[in-house]
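Please look over the model below together with its sequence. The notes that follow are meant to guide a first reading.

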Amino acid sequence: MFGTHKPLVLLVDPDDKFREETAKALQKEGVENVVEAMNGLEALVYFKNLDPYLVIMAADMPIKDGYSTCELIQSLPGGEKTAILMLVDGNDFNAINKAYKSGSTDFERKPIEPRMLAKRAHYMLRARHKANDLHRNEQRINQAYRIANLGHWEWKVAENDFSISMEVARMLKSSRKVLRSVDDVISRLHDDDRQKFSETNVRVLEDGISRNVEIRVPLSNGRERVLVQWVEAEQDQHGDYTQLTGIVQDVTEQRANESKIYNLAHYDSLTGLPNRGYLKQHLDFLLDQASATETQVAVLFIDIDQFGRINNALGH
């Protein structure tokens with residue numbers, strides 16, 4: 001079930017016989033690593049050193065009960081991700097509520113047959129294993145997003161429920177706590193780009209056709225961050241478009257490189273003046289325009305006497 005990984009279960013109960021029988025039942029379920037503790041104090045020591053996958057713990061114990069132990073486990077590094085099964089006595093609903101409030105994942109009533117408890121633990125371990133796999137996959141996706149300078153946001157329009165990824169918040173020089181709505185995002189954009197951002201969202205919401213838009217974010221140093229956004233709409237059960245998803249990419253460096261390449265190809269590196277390549281490109285455009293409008297184009301050629309001396313002295 002768990003591949004090469006052998007999950008560890010921490011079994012905490014003051015009853016020696018119950019612990020022994022439950023440990024054997026767990027081993028029959030394929031759980032080979034079982035560590036036993038008699039009370040909450042021992043459980044805390046083992047938890048810090050062993051990082052168990054699952055904690056099965058009695059609520060009523062001497063020295064330190066299960067409730068306070070559970071709360072302390074939750075406060076330890078990794079504790080909030082650990083599954084905890086609390087064993088409560090009979091049908092004590094107050095004990096059940098107390099178990100949940102202390103941070104336990106679920107509960108079981110005592111007395112319980114060790115074999116049944118082991119079966120329950122087996123499925124909790126399997127669920128924990130799948131949750132860990134999902135968490136690792138999410139981490140890989142987030143890492144890929146960071147490498148590609150990508151982020152996303154989601155907007156459920158009817159509920160006005162808006163969420164934004166940490167990557168997009170960073171691109172907008174803000175935080176997820178500040179960016180609580182679409183209007184908050186718009187306020188971070190260049191004044192000239194706010195309307196086209198809004199219009200793109202409205203059009204996608206109206207007809208469901210995905211669109212992209214390039215927007216700019218002013219920076220404190222006077223420069224601008226350039227973002228490209230792809231917007232898609234999602235339908236509800238009635239076929240209405242009620243949710244938008246935006247994928248955002250930071251293309252600032254890409255646009256800067258494109259500008260450098262264009263300048264190298266169309267402008268003289270020494271004088272900064274348009275070169276022959278620019279002239280040909282612009283002339284082709286003017287000729288096409290003249291052909292479409294049935295007009296004419298004139299080219300004026302100016303020669304400067306002895307300009308060759310300047311070229312020879314300063315370079316061509």
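The points below treat the chain, its sheet, its cavity and its pocket in turn.

1. Basis of the note. This is a predicted model, in which local features need pLDDT of at least 70 and side-chain atom pairs count only at pLDDT 80 or more, while totals for chains, interfaces and linings use all residues. Residues are numbered from 1 along each chain as its sequence is written, and side-chain values use heavy atoms, with hydrogens and water left out.

2. Overall form. The protein chain contains 11 helices and 10 strands; helices (H or I, at least four residues) and strands (E, at least two) are DSSP runs, numbered from the N terminus. Its radius of gyration, taken over C-alpha atoms, is 33 Å, whereas a compact globule of 316 residues would have a value near 20 Å. The globule rule is 2.2 Å times the number of residues to the power 0.38. Along the principal axes, the C-alpha atoms fill a box of roughly 110 × 55 × 35 Å.

3. The sheet. An open, antiparallel sheet is formed by 5 strands in the order β7-β6-β10-β9-β8; two strands pair if DSSP finds at least two bridges between them. Because β7 (161–164) and β8 (211–218) are at the edges with a single partner strand each, one side of each has no neighbour in the sheet. From one strand to the next, the twist averages 20 degrees.

4. Details of the sheet. Strand β6 (residues 150–156) is joined to β7 by 4 bridges, and Glu-154 stands opposite Ser-163 in β7. Helix α9 (residues 252–266) packs on the sheet and touches β8, β9 (224–235) and β10 (241–250); contact means heavy atoms within 4.5 Å. The direction of α9 makes about 125 degrees with that of β9, where axes are lines fitted to C-alpha atoms, for helices over the stretch in contact, and angles run from 0 to 180 degrees between N-to-C directions.

5. The cavity. What lines the largest cavity? Its lining includes Trp-153, Phe-197 and Gln-229, and by class it has 9 nonpolar, 1 polar and no charged residues. On a 1 Å grid over the protein atoms alone, a cavity is a set of points where a 1.4 Å probe fits but cannot get out, a pocket is an open set with protein on both sides within 12 Å along at least five of seven lines, and lining residues have an atom within 4 Å of a point.

6. The pocket. The largest pocket is lined by 20 residues, with Leu-273, Pro-274, Asn-275, Ile-302 and Phe-307 nearest its centre. Helices α10 (276–293) and α11 (307–314) are the elements that give two or more residues to this lining.

Conventions. Nonpolar A, V, L, I, M, F, W, Y, C, P; charged D, E, K, R; others polar.
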